[in-house]
Amino acid sequence: MTVGLLVTCMNDALFPDTGRAVVTLLRRLGVEVDFPAAQTCCGQPMVNTGYLDEAVPLLRRHLEAFAGYEAVVVPSGSCAGSVRHQHRLVAERSGDPGLVRAVEQAAPVYELSEYLVDVLGVVDVGAYFPHRVTYHPTCHSLRMLGVGDRPTRLLQAVRGLRLVELPAATECCGFGGTFAVKNSETSIAMGADKARHVRESGAEVLVAGDNSCLTHIGGLLSRERSGVRVMHLAEVLAATEPVIEEAPREADRTSAGSAALTAGGAR
Amino acid sequence: MSATFLGTPAFPTAARAALADTQLRRNLAHATGTIRAKRAAVVGEVDEWERLRLAGAALKDRTLRHLDTYLVQLEESLTRAGATVHWARDAAEANRIVVDIARVHGTDEVVKVKSMATAEIGLNEALEAAGIHAWETDLAELIVQLGEDLPSHILVPAIHRNRSEVREIFLREMGRHGKAAPRDLTDTPAELAAAARAHLREKFLRAKVAVSGANFAVAETGTLAVVESEGNGRMCLTLPEVLVSVVGIEKLVPTWADLDVFLQLLPRSSTGERMNPYTSMWTGVTPGDGPQEVHVVLLDNGRTDVLADEVGRQALRCIRCSACLNVCPVYERTGGHSYGSVYPGPIGAILTPMLRGVGHDTQLDSLPYASSLCGACFEVCPVRIDIPEVLVHLRTKVVDAHRGEPKVQNLAMKAASWALSDARRTAAAEKVSGAVGRVLRGTKRRAPGGRGVLGALPGPAAAWSDARDVPVPAPESFRAWWARTDGGRRGNGGAK
């Protein structure tokens with residue numbers, strides 16, 4: 001089965017490691033992944049700011065790019081939500097019945113954790129990540145898609161990973177797309193509380209399924225020199241145990257002790 | 001005593017002042033946190049909660065679909081029960097009707113049950129202008145009124161005040177408007193309530209005319225219902241000789257049995273109680289019992305315009321429970337005054353612009369943007385108003401009203417749409433950001449984990465970066481990596 005990867009415009013330009021992690025992870029699970037190069041952006045930034053006309057050409061591009069795929073996987077709760085809940089609105093706005101039909105007939109779009117748990121039926125993806133992690137359920141994955149405990153089940157199955165509770169986890173981080181700059185003071189006030197909860201959790205790594213929210217919370221954690229990093233769920237799930245290579249037989253014992261570590265996908 | 005929201009700046013500006021008010025932040029965080037937990041506990045007890053929500057939404061939708069029929073039925077039922085029905089197209093008409101009734105009875109004061117509809121039309125100010133004092137009798141409304149303040153919450157209008165502030169207001173103001181507070185008043189809730197009780201009792205016993213709203217109006221029987229916690233409503237609705245109720249036309253329910261659903265949904269959603277302490281219902285005039293002259297003012301004031309909006313009309317389901325305010329992370333931090341409207345919070349951000357019209361006022365047009373679209377409001381709404389959907393819908397209307405104007409945002413969105421509607425153009429833009437990424441790769445500032453970041457930037461970038469570090473763009477986009485390595489199958493597949 002070949003799935004189309006909707007990498008999202010933000011990951012494409014700012015977080016390509018997340019896209020690569022999805023490819024690594026899905027291939028490891030036996031899924032053929034394709035990246036339709038005609039894709040650009042799902043149009044969510046326009047729709048959520050009120051620019052429906054501006055989203056119409058993006059929708060056409062999206063539908064063309066993913067035509068013919070059985071399923072589309074996207075490492076973002078909010079982009080998945082946008083495709084599922086907003087594309088019809090944009091199509092109706094265009095006044096083009098063909099576009100409305102195309103939206104209705106488009107392949108199903110799965111947020112990464114949905115695809116892994118619901119379609120592939122896996123919870124243990126064979127990952128290894130020996131760190132103390134907390135998980136922020138982003139609003140659109142939590143409330144718009146209803147991914148529920150899928151991400152945390154995936155994380156709990158990661159070897160070496162210790163999942164700690166995030167206080168007030170379901171509260172919005174304050175990113176909100178253009179809200180983050182149009183109402184930056186309120187956005188920062190919300191983010192400051194989220195960052196405080198992250199620090200209270202005692203985690204080393206904050207994980208979420210949306211790099212947009214992580215850029216906001218991570219930007220605050222970075223400014224505070226908090227010592228807490230942010231990582232996309234895909235990157236944690238792609239990480240595997242370093243392969244300790246057998247020392248060549250002719251080499252002496254001391255060099256075998258400093259076996260080369262091969263990075264397993266974690267940055 | 002008149003305070004209005006006129007002159008409130010656009011939301012981002014108003015919010016900035018509120019965000020810096022430490023006492024407000026503390027009071028709101030405490031109060032919304034408490035009520036949020038109470039609601040969650042009592043809603044969690046009801047196995048059929050989701051079915052109740054669906055029933056509430058369906059009942060309201062059916063009523064709104066046949067509003068013309070039910071309104072006429074309500075008028076007939078009320079008239080049959082001895083009430084006088086008045087129709088008011090707007091605030092001015094409604095205010096004139098109430099003022100005229102008070103004048104006919106030669107009174108210079110009325111007692112009031114807390115009512116959002118009368119706050120919406122500015123009735124107190126209209127009565128004041130006619131030389132008639134309107135005494136608010138709800139404890140929180142009394143605090144707001146005595147403090148010459150504005151309500152900041154639908155259910156708990158003085159949520160922004162703590163008990164020390166309430167004590168100061170009572171000591172300072174009560175004596176100027178009636179029975180003074182005891183000189184040795186402390187800030188214990190029981191003493192504050194006792195002072196309010198003594199102050200208000202005098203007014204209840206003296207007033208000839210009472211003004212109320214209604215939570216529900218039953219079309220088949222002509223029964224009005226007021227749901228409250230303090231008993232002040234019961235006093236107002238039973239003691240005076242004349243009762244005037246201002247009722248929004250969306251408050252209708254077709255039958256008595258429909259109240260079954262709403263009286264389960266409302267208290268649990270609003271105060272976090274299984275049932276509210278006082279539910280008063282009256283059907284016109286009952287000889288020898290209660291007010292002998294009953295008026296009902298049916299208020300439109302923009303509601304039929306909202307009804308005409310296919311997406312927005314769901315806002316008319318609202319039963320004013322304020323659960324959306326209590327869970328809203330924006331409201332929790334900015335408070336109600338920032339919205340510049342008697343309806344604050346998420347419901348206010350959709351209802352106020354729709355009642356007053358979108359696209360002609362900067363302050364009103366800023367309200368649909370006063371949300372991160374987190375969806376917590378929709379999740380708790382007892383009548384399933386999809387507030388995020390309506391917010392986005394109203395943003396579209398705001399944008400459409402200003403299309404073609406040379407605004408920065410219009411130009412930026414046009415440019416983004418152009419660059420993102422063709423993958424070659426997107427790739428070209430990413431080449432530029434990749435070049436920036438390569439130049440800045442050596443930046444000294446590192447985020448936890450090691451990625452290069454930029455600190456505070458000048459100009460428009462400051463809105464993001466004055467508190468949040470900015471990640472340096474990736475030297476190579478995902479698209480370019482895929483093309484170069486055939487999706488990681490060629491070369492070592494690694495990142496550049």
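**Entry 1: a sheet in chain A.** I began with an open sheet of four strands in chain A, ordered β6-β5-β7-β8, with parallel pairing. Its edge strands are β6 (162-164) and β8 (229-232) of chain A, and each of them pairs on one side only. From one strand to the next the twist averages 35°.

I noted where this comes from. The model is predicted: local features need pLDDT of at least 70, side-chain atom pairs count only at pLDDT 80 or more, and totals for chains, interfaces and linings use all residues. Residues are numbered from 1 along each chain as its sequence is written, while chains are lettered from A and ligands numbered from 1 in the order in which they are written.

Two strands pair if DSSP finds at least two bridges between them. Axes are lines fitted to C-alpha atoms, for helices over the stretch in contact, and angles run from 0 to 180 degrees between N-to-C directions.

Entry 2: I zoomed in on strand β5 (residues 132-135) of chain A, which pairs with strand β7 (residues 205-208) of chain A in the parallel sense over three bridges. Which residue of β7(A) is the bridge partner of A:V133? I found A:V205 there. Then I looked at what covers the sheet: α12(A) lies across β7 and β8 of chain A, running at about 170° to β8(A).

Entry 3: I found 25 residues of domain 1 of chain A in contact with 22 residues of domain 2 of chain A (contact: C-beta atoms, placed from the backbone, within 7 Å). On the domain 1 side of chain A, at least two residues each come from α1, α2, α3, α5 (77-94) and α7 (112-119) of chain A. α2(A) gives the most to that side, with six residues.

I also checked the UniProt record, an unreviewed entry, which lists "domain: Cysteine-rich" at residues 4-83 and 133-217 of chain A. UniProt positions are in the numbering used here, feature names are shortened, and annotations may be inferred rather than shown by experiment. Residues 4-83 of chain A are 59% helix and 10% strand, with their end C-alpha atoms 14 Å apart. For residues 133-217 of chain A I get 51% helix and 12% strand, with 15 Å between the end C-alpha atoms.

**Entry 4: where the chains meet.** How many residues of chain A are in contact with chain B? I get 61 residues of chain A in contact with 54 residues of chain B. Elements of chain A giving two or more residues to this side include α1 (9-14), α2 (16-28), α4 (52-66) and α11 (184-201). The largest share, eight residues, comes from α12(A).

**Entry 5: strands in chain B.** I looked at strand β2 (residues 109-112) of chain B, which four bridges join to strand β3 (residues 133-136) of chain B, the two running parallel. Three bridges also join β2(B) to strand β4 (residues 209-212) of chain B, again parallel. B:K112 stands opposite B:E136 in β3(B) and opposite B:V211 in β4(B).

**Entry 6: helix pairs in chain B.** Helix α9 (residues 163-177) and helix α10 (residues 189-206) of chain B pack at about 30°, with axes 11 Å apart. α9(B) and α10(B) are therefore roughly parallel (angles under 35 degrees count as roughly parallel, over 145 as roughly antiparallel, 65 to 115 as roughly perpendicular and the rest as oblique). α9(B) passes α10(B) in a left-handed crossing (left-handed if the near helix is turned anticlockwise from the far one by less than a right angle, right-handed if clockwise). Among the residues that meet are B:F170 and B:M174 in α9(B) and B:L192 and B:H199 in α10(B).

Helix α16 (residues 345-356) and helix α19 (residues 387-401) of chain B pack at about 40°, with axes 10 Å apart. α16(B) and α19(B) are therefore oblique to each other.

**Entry 7: chain B overall.** The domain assignment gives domain 1 (42-303) and domain 2 (426-485) of chain B, and 56 Å separate their centres, taken over C-alpha atoms.

Note on methods: Domains from an automatic or database assignment. Contact = placed C-beta atoms within 7 Å.
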